[in-house]
Amino acid sequence: REFKTYLQNLRELSFVLSTSSTNGSVEPQDNLYMWGHYAQGHHGIAIEFDTQALANAVIAHHEAETHVPFEEKSVWAKVEYTERFAPITAAQVFNFMKQEKQLEDKKITARRSTGLDVYYSRMSVIKSTVWEREAEWRLMWRSTDTKPPVYKCPIGADAIRRIFLGLNFPVARTDEIVASSRATFP
């Protein structure tokens with residue numbers, strides 16, 4: 001039961017924003033593959049962020065929400081592309097469950113990272129080499145009081161560099177997006 005709860009918490013309380021970086025000489029806004037994959041075949045929009053300003057906003061929001069300093073090295077994680085990702089092993093599950101039992105029995109007082117923790121941490125940043133052209137990064141953080149599917153993190157105008165409209169973006173909505181963007185992120 002505890003294991004199931006742990007996995008459910010990982011799914012419910014982890015938030016990810018996927019983005020891409022320059023891949024060779026291809027800038028993200030020029031990557032037709034990304035437009036097709038993430039922006040519904042150019043029917044959507046793409047936002048170019050100032051990565052440091054966005055990270056600062058996430059960290060400030062985290063600290064305001066939790067009242068504790070952000071202790072991770074970075075909110076950004078580079079996606080790792082691989083042909084194969086080994087399945088969870090019995091040893092990883094056993095060591096995780098053994099530690100949980102030791103905590104319950106008060107034989108140990110603090111949780112330490114187990115192979116299962118490492119596995120699930122890696123799982124959030126691993127994709128097949130088929131997707132390698134995305135050159136993807138993920139902005140990741142946790143919240144203990146918000147449920148998906150929507151998580152709002154206030155960001156300042158300094159976090160938005162440019163907004164790109166897809167080639168098939170509805171013309172009728174263009175003025176609305178431009179006006180809203182200029183008003184919100186001058």
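Predicted model: local features only at pLDDT ≥ 70, side-chain atom pairs only at ≥ 80, totals over all residues.
Local features were taken at pLDDT of at least 70 and side-chain atom pairs at pLDDT 80 or more, whereas totals for chains, interfaces and linings use all residues. Residues are numbered from 1 along each chain as its sequence is written, and side-chain values use heavy atoms, without hydrogens and water.

The second largest pocket holds about 700 Å³ of space. A pocket is here an open set of points on a 1 Å grid over the protein atoms alone, with protein on both sides within 12 Å along at least five of seven lines; its lining residues have an atom within 4 Å of a point. The volume is the space filled by probe spheres set on the points, which are joined across faces, edges and corners. Of the 24 lining residues, Thr-19, Ser-20, Pro-28, Ile-47 and Glu-48 are the closest to the centre. At least two lining residues come from each of β1, α2, β2 (45–49) and β7 (160–165), and β2 gives the most, with 5 residues. Helices (H or I, at least four residues) and strands (E, at least two) are DSSP runs numbered from the N terminus. The lining comprises 13 nonpolar, 7 polar and 4 charged residues; Ala, Val, Leu, Ile, Met, Phe, Trp, Tyr, Cys and Pro count as nonpolar, Asp, Glu, Lys and Arg as charged, and the others, Gly among them, as polar.

Pro-28 is placed in the loop between β1 (14–20) and α2 (32–38). Its relative accessible area of 25% makes Pro-28 partly exposed (buried means under 20%, exposed over 50%, partly exposed in between, with a 1.4 Å probe and protein chains only). Beyond its neighbours within four places in sequence, Pro-28 is in contact (heavy atoms within 4.5 Å) with Ser-20, Ser-21, Thr-22 and Trp-35. Pro-28 and Glu-48, 20 residues apart in sequence, have C-alpha atoms 8.5 Å apart.

In helix α5 (residues 115–123), the residues Leu-116, Asp-117, Tyr-119 and Tyr-120 are buried. The buried residues of α5 fall within an arc of 160° seen down the axis, so they line one face of the helix; the arc is that of the directions from the helix axis to the C-beta atoms.

Most residues other than glycine have a negative phi. His-67, in the loop between α3 (51–66) and β3 (76–78), has a positive phi of about 65° and is exposed, at 69% relative accessible area. Lys-106, in the loop between α4 (90–104) and α5, has a positive phi near 60° and is exposed, at 70%.

Thr-82 belongs to strand β4 (residues 80–82). Leaving aside neighbours within four places in sequence, Thr-82 is in contact with Ile-126, Lys-127, Ser-128 and Thr-129.

Note on methods
1 Å grid on protein atoms, 1.4 Å probe; cavity = no way out; pocket = protein on both sides within 12 Å on 5 of 7 lines; lining within 4 Å.
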